[in-house]
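Dear colleague,

I am passing on the model we talked about, and below it I have set out what I found when I went through it. Please read the notes with the structure open beside you.

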Amino acid sequence: MKAALLKNATIARLVVLPTIVVIIVCFYAPILWSAYISFTPSGMFPNYHFAGLMQYDRLLATDRWHVAFRNMLIFGVLFVSIAISLGSLLAILIDQNIKAEAVFRTILLYPLSMSFIVTGLAWQWFLNPTMGLQHFVQDLGWAGFRFDWLVRRNLSIYTIVIAAVWHSSGLVMAITLAGLRGIDPDIWRATRVEGIPRWRAYLHIMLPMLRPVMVTNVVLLAINVVKSYDLVVAMTQGGPGYSSDLPGKFVVDMAFQRGNIGQASAAAMAMLATVFIAVMPYLYLQMKRSG
Amino acid sequence: MASETSPPVRAVAASRLRRAIAVRIAIYVALTLAAALFLVPLLIMVLTSFKTMDEIRSGTIFDLPHALDWTAWLKAWSGACTGLDCRGISPGFWNSVHILVPSVILSIFCGSITGYALAVWRFRGANAVLLALMVGAFLPYQVIIYPLVKILSFLGIYGSLAGIVTLHIVFGMPLMTMLFRNHFVSIPADLIKAARVDGAGFFRIFFSILLPMSPNMLIVAVILQVTGIWNDFLLGLIFAGQANQPMTVQLNNIVVNAHGTVEYNVNMAATILTALPPLLVYLISGRYFVRGIASGSVKG
């Protein structure tokens with residue numbers, strides 16, 4: 001019995017061993033490699049001479065990088081706040097014992113099953129100035145109507161926000177709804193006894209109680225913002241010019257089109273730092289929860 | 001009883017009732033409006049795909065097509081061009097299937113058995129492995145994509161089916177392991193003790209007892225992986241190679257990199273075709289899909 005037990009634990013270790021190897025080879029070693037390369041003068045090919053902060057200096061002197069990073073902040077702040085507000089509002093509406101709840105839920109969540117490529121192409125078509133929404137409204141008789149953000153340098157990033165909100169609000173709705181349904185009915189009973197209006201109960205009691213759920217929402221969406229690549233490729237290809245570029249696209253373009261591994265690595269490190277900041281609240285919460 | 005309540009009280013009750021009804025109506029109006037807005041992109045895609053190019057040019061996106069014209073769908077499936085290749089999106093569909101099947105099966109197998117080893121046989125360092133693995137769930141592919149190209153080239157599988165499947169397994173590991181680990185942790189220790197007394201070993205307990213006990217978890221895992229892998233773009237673009245380009249990559253090539261006249265109807269039909277498999281999975285498995293979101297909310 002004792003021998004068999006030891007053997008089983010050994011098998012368990014052996015089963016996990018490949019995973020450990022994969023984690024090291026595919027996650028950690030590449031991170032370290034990218035980090036090191038960001039301190040070298042690498043161009044088309046890796047060059048292992050240490051060159052200090054040269055790549056970062058160059059990155060900071062690159063206008064396209066500034067545009068990409070600023071876009072990520074604009075996209076991140078707007079997308080996360082709008083998706084969270086809209087998703088929570090929809091969750092609260094659906095929580096009102098409504099008829100045909102399943103139908104509404106299904107419709108609000110279906111965009112999430114689609115890829116960002118499909119999402120981007122659908123919205124590119126809808127917002128196409130000559131054929132899409134603008135043309136439709138002008139055709140209705142409002143000739144001066146303009147909604148050509150897709151092709152406007154300073155506005156194209158906002159079309160990406162719109163498409164992303166459409167894609168991910170259902171996610172917030174589903175997670176928040178699950179949170180609301182998990183609230184102890186006694187708390188609801190107490191608010192009714194106290195005579196607190198329902199909307200105030202939601203705003204001041206239920207939503208604050210759902211803080212962990214909200215943190216999860218924010219972190220999930222924020223990670224998607226940093227990773228974002230497909231959506232912008234399908235919708236605007238980063239354009240007009242590079243006005244709707246994002247760091248995730250900047251890195252891929254630098255590495256695979258421009259053949260500049262040094263710049264790609266420096267930008268990748270900036271992305272890693274951003275993800276780290278975005279995940280911090282989640283890690284903090286996890287640590288607090290586990291004592 | 002009701003007749004004994006005084007008129008003012010009844011009036012108050014009536015006005016309350018009216019307000020309650022007004023609120024109900026407002027809720028339904030708001031939800032219906034939201035649902036309609038959410039459906040608009042899908043609606044215009046479907047409408048456009050059934051129109052002829054003349055109809056598209058002369059009308060607006062919300063006009064109904066004159067007839068259910070499947071020409072664009074046929075062309076999207078088997079005649080649309082990417083560069084000189086005019087075989088439509090069907091090769092991409094089959095490439096995606098070839099990538100999907102082994103990736104889903106192997107990633108779930110690897111993730112479930114690793115999760116089981118970590119949850120049931122809690123050896124020293126098991127939690128450290130889990131934590132180290134979690135990093136992979138948060139890591140943007142872009143941070144490590146170039147070194148991964150080098151590693152896969154070194155292994156001789158860069159730009160091949162084996163290469164892209166390997167990466168889907170690797171990137172599926174964090175979520176799948178977490179999912180199954182959290183599930184197996186909740187299984188009573190007595191059950192496993194009893195199995196051990198009966199002489200069942202590591203693999204016996206996994207394959208004959210725990211896996212058959214977990215059909216729901218397996219369904220959730222399949223849904224997560226099928227939608228996730230089908231919808232992947234970046235990994236397929238960089239690692240699959242020209243011969244194995246998944247449907248999403250080919251769709252983007254057809255629509256974005258098209259030359260000559262843009263055929264919006266064909267583009268939209270191709271887009272819907274690409275969206276259809278995960279959409280069907282979602283519609284058929286609704287409840288499980290939501291569960292997958294909830295349990296997979298560490299990854300996103």
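In this predicted model, chain B and chain A bury about 7,500 Å² between them, and 81% of that area lies on carbon and sulfur atoms. Three residues, B:Phe38, B:Phe138 and B:Gln142, supply 11% of the area that chain B buries against chain A, which is more than any other three residues contribute. The contact draws 82 residues from chain B and 86 residues from chain A.

On the side of chain B that touches chain A, the largest share, 17 residues, comes from helix α1 of chain B, which runs over residues 7–49. The residues of that side divide into 63 nonpolar, 15 polar and 4 charged. As for specific pairings, the count of salt bridges between chain B and chain A is 0, whereas 15 residue pairs are found in polar contact across the interface, with both partners at pLDDT 80 or more.

Turning to chain B by itself, its secondary structure comes to 13 helices and 0 strands. Of the 300 residues of chain B, 52% count as buried. Among the contacts within chain B between residues at least 6 apart in sequence, 72% join residues at least 24 apart.

Some details of the backbone of chain A may also be worth a look. A cis peptide bond, with omega about 0 degrees, joins A:Gly239 and A:Pro240, and A:Pro240 sits in the loop between α11 (230–235) and α12 (247–256) of chain A. The loop between α11 and α12 of chain A also holds A:Gln237, which has a positive phi of about 50 degrees although it is not a glycine; A:Gln237 is partly exposed, with a relative accessible area of 36%.

A positive phi, near 55 degrees, is likewise found at A:Asn97, a residue other than glycine. A:Asn97 lies in the loop between α3 (63–94) and α4 (101–109) of chain A, and A:Asn97 counts as exposed because its relative accessibility is 71%, where the cut-off for exposed is over 50%.

With best wishes

How values were computed: Residues are numbered from 1 along each chain as its sequence is written. Chains are lettered from A and ligands numbered from 1 in the order in which they are written. This is a predicted model: local features need pLDDT of at least 70, side-chain atom pairs count only at pLDDT 80 or more; totals for chains, interfaces and linings use all residues. Side-chain values use heavy atoms; hydrogens and water are left out. Contact means heavy atoms within 4.5 Å. Buried area is the accessible area (1.4 Å probe) that two parts lose on being put together, summed over both. A salt bridge is a side-chain nitrogen of Lys or Arg within 4 Å of a carboxyl oxygen of Asp or Glu. A polar contact is a pair of N or O atoms within 3.5 Å; within protein, one must be able to donate a hydrogen and the other to accept it, and residues adjacent in sequence count only if both atoms are side-chain atoms. Helices (H or I, at least four residues) and strands (E, at least two) are DSSP runs, numbered from the N terminus. Ala, Val, Leu, Ile, Met, Phe, Trp, Tyr, Cys and Pro count as nonpolar, Asp, Glu, Lys and Arg as charged, and the others, Gly among them, as polar. Buried means under 20% relative accessible area, exposed over 50%, partly exposed in between (1.4 Å probe, protein chains only).
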